[in-house]
Every structure is written in structure tokens, then in C-alpha cells.
Amino acid sequence: MKSDELFALLRRRGVLWPTAEIYGGAQGLYDYGPLGAALKRQIEEAWTAWFVGLSHDYYRLDPAEILPEAVVRASGHLENFTDPEVSCENCHTAFRAETVLEKVRPEGVDGLSPAQIAEVVHANHLRCPSCGSTALSVPRPFNLMFGLDFGVTGKERAYLRPETAQSSYLAFPRMWDVGRHALPLGIAVIGKAYRNEIAPRQVLFRMRSFTQAELQIFFDPDHFVVPFDRVAAEALPVLRVPRREKGEETPEWVRAGDLVATGNLPEFYVYHLVHTYRFYREVLGYPADRIRLFEKSDQERAFYNRIQFDFEVRLDSLGGYKELGAVHYRGDYDLSRHGEGSGKDLSVTLTDGRSVRPHVLELTFGIDRNLWALADTHLGTEGERTVWRLPACLAPVPVGIFPLIPKAHSAYALRLADELAATGLAVRYDDAGTIGKRYARMDEAGTPFCVTVDAETLADGPSRDTVTLRERDTKAQTRVAVRDLPARLADALRLPRPPRA
RNA sequence: GCGGGCAUAGUGUAGUCUGGUUAUCACAUAGGCUUGCCAAGCCUAUAACCCGGGUUCAAAUCCCGGUGCCCGCACCA
């Protein structure tokens with residue numbers, strides 16, 4: 001489905017819509033409706049079950065979304081994003097003012113107002129580094145962070161966090177004490193991050209307010225042992241830099257063991273690639289032939305990332321592979337920077353007496369992007385039918401309950417709906433229209449199971465208190481005893497967990 | 001940010017060029033009939049010209065501005 005078409009369907013069904021729609025919307029902001037909010041929660045729960053489930057020493061936190069200026073100064077976000085931007089009127093290329101001025105002002109542009117920068121550009125007859133034109137624009141401030149007036153005086157500066165990761169790095173010293181004084185230590189955060197994107201586009205793929213799920217694993221760089229044997233035989237669809245340089249777009253299947261033995265990647269890194277891949281396949285259910293692990297080159301990576309593979313899924317709605325998450329080996333960059341910034345020593349002493357500054361392996365996951373991708377890859381039309389083949393454990397509404405004949409079977413069906421709801425299931429009762437329409441509605445909402453109460457349910461005899469259980473994917477119906485329903489549904493809806501390390 | 005295109009019920013659309021009765025049609029939604037297990041049928045109802053200004057006797061239609069969306073470029077620490 002094309003992006004417009006898919007978005008229209010999601011709007012119609014109450015999955016998501018533009019924020020402040022009655023005012024014409026706001027670029028890069030979207031609200032989740034009932035179905036979307038529930039699906040988002042399910043994705044978050046699935047992510048948590050899987051990744052926090054990787055170890056007994058991984059914890060989920062919920063930190064503040066506002067960061068004091070000192071934090072973003074230390075992390076580098078302030079420095080890298082307060083630079084004014086100059087663009088070329090001729091070739092429309094945008095540059096940091098610093099880049100344009102570097103010949104005449106090697107000390108940088110800190111402290112210069114946009115007007116002063118424009119003066120320097122003019123006085124020195126500076127040219128566009130790309131095309132040589134002198135038609136350079138007046139500098140504009142360029143900062144992807146939302147700044148806030150913080151406190152009563154409004155003089156203190158603070159920022160909406162541009163990524164959740166910083167919150168986890170700040171929490172590390174406290175978590176070291178809360179935890180068992182042992183590495184690896186994992187800090188997981190699911191929460192909002194905010195970026196004032198220049199050009200938000202493609203609905204959920206470039207938003208100004210979005211939800212990230214990130215697991216930061218702090219580990220001893222000399223000693224991060226993983227049960228690699230268990231995953232060595234797993235093959236991954238990787239697209240590595242040398243193959244990319246030959247113009248290849250498609251991944252090749254390489255065994256995890258070979259990525260380590262001949263691929264020059266550390267075991268701990270590949271081990272986490274495998275488990276992340278398994279999450280995309282086994283929990284989210286993306287087709288194997290749509291996933292690729294896209295290695296970023298030296299030039300493409302942020303300088304502090306030593307290894308980076310993006311998890312990409314090919315989406316018809318957006319016309320190509322899109323990044324849904326990544327695995328970054330960040331070295332000790334983050335704890336070093338925050339150590340310097342705060343003046344606190346963020347190294348820890350291990351039980352063997354060694355003092356180490358932990359390295360970080362960062363597993364990032366875009367909740368919104370994956371929600372869209374789950375619609376793109378699992379929602380489609382099959383003739384007259386529109387079916388959202390979501391994995392059952394992710395379904396926003398896992399069960400629909402209908403009376404076959406409204407007047408005759410409503411009371412029983414309503415009671416059954418209440419009973420199942422009491423077990424914690426999100427159920428939807430529907431008696432409108434024909435039975436076929438109700439099934440169709442639930443198919444579109446991604447509901448994997450529908451329960452129908454009919455005459456047999458009420459009649460005396462061997463079928464008393466049995467209902468039909470209809471499966472979305474096969475349309476198959478089986479007769480099930482009502483008393484077996486809760487266990488049967490719970491089984492089918494359980495969230496997968498990885499084997500613990 | 002730049003260039004181009006687009007904007008009519010919940011969704012998809014006709015009408016716009018060439019201004020002129022009550023804005024077309026389908027689907028969806030709600031109610032009714034239908035003893036019916038996969039979007040059947042019939043009846044009824046709800047529901048739209050993106051926002052602001054201008055031209056005109058008269059604007060969905062022409063002009064200007066804004067907003068949003070799409071495509072390409074740039075950007076994405």
C-alpha cells in the first residue's frame with residue numbers, strides 16, 4: 001500500500017491522526033487513537049519482555065524528559081546543534097557557518113550573532129564550498145533541540161531530551177549502587193524524545209515528538225562473556241560496507257560464527273545482533289526477505305560509534321528499506337563525556353579490584369517507526385478483505401465477541417465479554433450488522449480471535465456452553481468450551497521471551 | 001529550507017480549465033427489516049468545498065497570503 005492510502009486507513013480506524021487536526025495539523029506531530037495507543041503499548045511490552053529479559057541485571061527506568069543544559073553540553077548535543085546554518089542560494093546546499101568560515105576564523109563561530117557572521121562572510125567574499133557561488137544566505141540558527149525556559153526566572157536553560165539514551169547514562173552511577181555492583185548492567189528506557197526536525201516527513205518516520213526504546217548495556221571492555229555458542233549457527237541477512245561499495249542493495253546470509261571468525265566483529269556484538277534479529281523475526285514477525293542489517297561506514301557513523309548496524313525493513317509504503325532500530329557500540333564515549341562534564345568519576349571498581357570505565361552497547365528501537373512498519377508489512381487487502389495479520393501477542397484488541405443473532409444471544413455474549421475482560425483481556429463486543437461484517441471489522445483491526453455465541457451455546461446437550469472460536473489468519477472455526485477459553489487465549493497471546501544469558 | 005505538484009463528507013471521488021438553481025457517485029458509519037457463521041439485499045439517517053483576504057451581482061471554481069500533504073534536492077548530531 002502507498003503511504004497515503006495506509007495513513008488514510010489508519011486514520012479511519014482510529015490508529016493515529018495528525019495532532020491538532022482541526023487547526024490544520026502540526027508538522028511532525030501525531031496522536032495515537034485507541035487502536036494505536038493499545039498497539040503501541042503492546043509493542044513496548046513486547047520489547048521490554050524480550051530485551052530486559054536478556055539478563056537478570058537489566059532494568060527498565062522511567063527518567064525525566066527535560067535535561068539541564070549541562071547535560072546536553074557534555075553529551076555534545078549543544079555544541080553540535082547551536083551552530084548557525086548558512087545555505088547557498090545558488091546550489092541550495094546547507095552548511096554549518098563554522099565550515100564556511102573556517103579559513104578566516106579558525107577559532108570557530110561561538111559567540112558571534114548571525115548578523116556578525118553575515119558580516120564576516122561578506123567582508124571576506126566567502127564562497128560556497130560546494131559550487132563557488134558568493135550567493136550565501138544570512139545565517140539562521142539551527143538547533144534540533146527544543147530549548148526551554150526553565151525555572152521561575154527563565155534564565156536557566158533546559159532542553160527536551162533529543163534521545164532517551166542520555167537519561168540512561170546519567171542514571172548509571174545510581175543504578176550501579178541499586179544493582180549488584182556487577183557488569184554487564186543494562187538500563188532500558190522507553191520514552192519520548194524530541195527533535196525540532198527541519199523537514200518532518202513520511203508520517204511516523206520523522207516526527208518532532210517520538211518514542212524510543214533503548215537498552216544501554218554497560219560492560220567491562222576486557223570481559224563481556226556471552227553464550228555465543230548458542231547463536232553461532234544462526235544466519236543473519238547482513239549488508240556490509242565492502243558489499244555496499246560494490247553497489248549491492250540486498251543482504252547476504254552470513255552465519256553469526258562467521259561474522260566473528262572472518263568478519264572481524266566481536267562475539268558480544270554479534271550475539272546481540274542475533275537476539276535483536278530474532279526479535280524482529282519471531283516477535284514482530286517481519287518477513288525474513290524484507291529485513292537487512294545495514295552496516296554503517298566510518299563516514300556515516302557518528303564518530304563515537306565504533307560499530308553500527310542499522311536494522312532495516314523494506315516498506316512498500318515508503319518505497320524502500322527504512323531504519324527501524326540499530327545496534328551501536330559506543331565505547332566509553334558517554335561515560336567519559338559525562339564524567340568530564342559533571343566532574344564525577346564514572347568508573348567503577350569490580351570485585352577483582354580493577355577500576356574500569358564501562359563501555360556501552362546501545363540497542364535502539366523506534367517504537368513509532370515499528371508501529372508503522374507493522375502496518376505496512378502486515379496490513380493488506382486480499383480481494384474484498386482487508387486483514388491486519390499482526391502477531392497475536394501484539395494485537396491491540398485480541399478478542400472480539402459476538403452474538404450470532406443479536407436479540408437471542410446478546411445476554412450470554414455480553415456476560416462472556418465481561419468475564420474475559422475481567423481476566424485482563426482487551427475484548428470487543430459487537431452486535432452491529434451481519435456476522436460477516438463483524439469478522440471483517442475485526443480483521444481490519446488486527447484481532448486474531450473472534451468468539452461467537454450461537455444457538456448451540458444456549459441449548460441443552462453436548463454443545464451447551466461451547467462457542468465458535470474463529471481465527472483471523474485461516475478463517476477457521478473450532479468449537480470450544482467456554483471454560484477453556486481463558487487458558488487457550490492466554491496461551492496464544494503470550495509474549496515471547498529470549499533465553500536468558 | 002529550496003523547487004514542483006496537490007487540498008471537496010470518515011474514505012475514495014465528480015464538478016474547477018470556461019464563476020451561475022438544492023455540490024455528484026460509491027464505500028464506510030448509525031437506525032430499521034431480514035432466525036442469519038464471513039463486508040448480501042431493501043428502506044432511512046448522519047456527513048464535505050483546508051484557513052484568511054481580494055475580484056465579482058454571484059466563488060468549490062479566478063487572484064493573493066497562510067497552513068498541511070506528496071515528489072525531488074538539502075538536512076537527519
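Reply: Happy to. Let's begin with a side-chain pair: the side chains of Thr-452 and Tyr-439 make a polar contact at 2.8 Å. Please keep in mind that this is a predicted model.

Where does Thr-452 sit? Thr-452 belongs to strand 24, which covers residues 449-453. Is Thr-452 buried or exposed? Its relative accessible area is 3%, and because that is under the 20% cut-off, Thr-452 counts as buried.

Next, the surroundings. With neighbours within four places in sequence left aside, Thr-452 is in contact with Phe-402, Pro-403 and Leu-404, with Ile-435 and Tyr-439, and with Val-467 and Thr-468.

Searching the whole structure turns up 1 cavity of 30 Å³ or more. The largest cavity holds about 30 Å³ of space. Which residues line the largest cavity? They are Trp-47, Phe-51, Thr-276, Tyr-280, Ala-326, Leu-363, Thr-364 and Phe-365.

As for the elements behind that lining, at least two residues each come from helix 2 (34-51), helix 10 (267-283) and strand 19 (359-366). Strand 19 gives the largest share, with 3 residues. Sorted by class, the lining of the largest cavity comprises 6 nonpolar and 2 polar residues, with no charged ones.

Terms used
Residues numbered from 1 in each chain as written. Chains lettered and ligands numbered in written order. Predicted model: local features only at pLDDT ≥ 70, side-chain atom pairs only at ≥ 80, totals over all residues. Heavy atoms only, no water. Helix = DSSP H or I, 4+ residues; strand = E, 2+ residues; numbered from the N terminus. Buried < 20%, exposed > 50% of the residue type's maximum accessible area, 1.4 Å probe, protein only. Polar contact = N/O pair within 3.5 Å; in protein donor to acceptor, adjacent residues only side chain to side chain. Contact = heavy atoms within 4.5 Å. 1 Å grid on protein atoms, 1.4 Å probe; cavity = no way out; pocket = protein on both sides within 12 Å on 5 of 7 lines; lining within 4 Å. Points joined across faces, edges and corners; volume = space filled by probe spheres on them. Nonpolar A, V, L, I, M, F, W, Y, C, P; charged D, E, K, R; others polar.
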